[in-house]
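The sequence and the structure are shown first.

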Amino acid sequence: MKTILTGIRPTGHLHLGHYFGAVGNWAKLQNDYETYIEIADVQALTDNFESPDKVIKSVKDLTVDLLSIGIDPNKANIFIQSLIPEIAELTIFYSNLVTISRLERNPTVKTEIKQKKELFGENGESITYGFLGYPVSQAADITAFKGNLIPVGDDQLPLLEQCREIVRKFNNIYGKTLLEPEAYLSKFPRIKGTDGNEKMGKSLGNAIFLADSDEEVKRKVMSMVTDPNKIKINDPANPDICMVYYYHKLIGNNNLTTVCEECKNGKRGCVACKKELLSKMLEFLKPVHEKQKYYNEHPEEVDEILKKGTKIAQEKAKETIKEVKRAMKINYFE
Ligand code: ATP
Ligand code: MG
């Protein structure tokens with residue numbers, strides 16, 4: 001049986017990009033695979049080290065969100081990264097197998113550095129050793145749990161490639177010990193932001209969160225970017241450059257052909273179109289909000305789920321570190 005390892009950074013709530021781009025799949029896959037879902041607090045700290053409170057709060061928020069979209073704690077182990085010290089040990093061993101220039105060339109790292117500069121200015125956010133090295137720590141996450149199927153959004157593909165390189169290098173030097181993981185992408189592997197940006201991101205200010213109130217969702221939908229050439233209500237427009245149409249598609253509006261034709265023929269005003277989208281989104285979010293309310297009112301249940309998942313994850317990581325140390329012949333006094 002294949003093992004799924006995937007993760008999420010506790011830097012905020014889950015948003016629609018996560019749901020449709022990756023996390024929605026986790027709820028399906030958990031039925032057929034041994035599943036580990038890591039709340040990657042150590043990774044979140046690499047670029048949030050000055051705001052540990054935000055990270056800690058998000059650990060609970062995200063767990064609630066995951067449970068609310070159908071992650072079943074009896075099928076999937078949700079665990080906290082910092083409680084698995086073996087990941088940190090593996091990170092140190094693997095860091096010898098990666099050059100600094102290779103990390104600097106990693107396309108995901110490059111994009112994230114660029115985004116940071118756009119958000120914080122050229123010198124606003126300097127790049128730390130920890131941040132540059134997070135792909136190494138992610139390789140440790142994956143291999144610690146012998147994850148071989150990794151359901152992620154496509155922004156993660158270069159990180160997976162980096163992990164595969166580390167695995168190959170390790171196995172070449174120390175003998176076949178680690179598994180090479182493969183990615184599992186969803187039908188929409190990269191969900192755009194409400195501002196039309198290529199990626200909806202927790203930290204990018206362009207996300208609709210699963211925990212947003214109906215009022216917040218309304219505000220975000222009503223201010224979505226539409227075809228700028230459409231000025232009057234009867235002007236024909238191009239749905240392909242309209243974020244409202246994009247989200248109609250995503251949410252699975254079964255009226256899609258009509259939405260598209262009416263838009264192209266100038267028979268659909270943007271306000272009416274947004275209102276239709278809003279009602280579909282609120283319908284989609286209603287059961288999620290009900291579950292969020294339940295888990296927010298039962299924090300002790302959430303703690304128990306995290307404790308149980310972490311305990312199982314600890315056992316698995318202990319097995320792996322033993323095998324790794326044996327392969328490296330640093331299993332002193334064993
Ligand atoms: P941050 O900005 O803090 O990195 P994030 O929104 O990128 O937050 P992550 O926790 O890094 O979220 O990613 C969790 C998972 O969700 C990953 O598998 C990632 O590929 C996927 N994901 C995140 N954003 C999107 C998106 N817009 N479209 C598709 N998948 C996404
Ligand atoms: Mg990210």
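## A buried helix

The buried residues of helix H8 are Tyr 134, Pro 135, Val 136, Ser 137, Gln 138, Ala 139, Ala 140, Asp 141, Ile 142, Thr 143 and Ala 144. Buried means under 20% relative accessible area, exposed over 50% and partly exposed in between, with a 1.4 Å probe and protein chains only. H8 spans residues 134–144 and is mostly covered, with 11 of its 11 residues buried. After H8 comes Lys 146, whose phi is positive, near 55 degrees.

## Basis of the model

This is a predicted model, in which local features need pLDDT of at least 70 and side-chain atom pairs count only at pLDDT 80 or more, while totals for chains, interfaces and linings use all residues. Residues are numbered from 1 along each chain as its sequence is written, chains are lettered from A and ligands numbered from 1 in the order in which they are written, and side-chain values use heavy atoms, with hydrogens and water left out.

## Around ligand 1

Ligand 1 is surrounded by 21 residues (a heavy atom within 4 Å); the closest are Thr 11, Asp 155, Lys 199, Met 200 and Lys 202.

The side chain of Lys 202 has an N or O atom 2.8 Å from an oxygen atom of ligand 1. For the side chain of His 15, an N or O atom is 3.2 Å from an oxygen atom of the ligand. A nitrogen atom of ligand 1 lies 2.8 Å from a backbone N or O atom of Ile 191.

Technical notes: Helix = DSSP H or I, 4+ residues; strand = E, 2+ residues; numbered from the N terminus. Polar contact = N/O pair within 3.5 Å; in protein donor to acceptor, adjacent residues only side chain to side chain.
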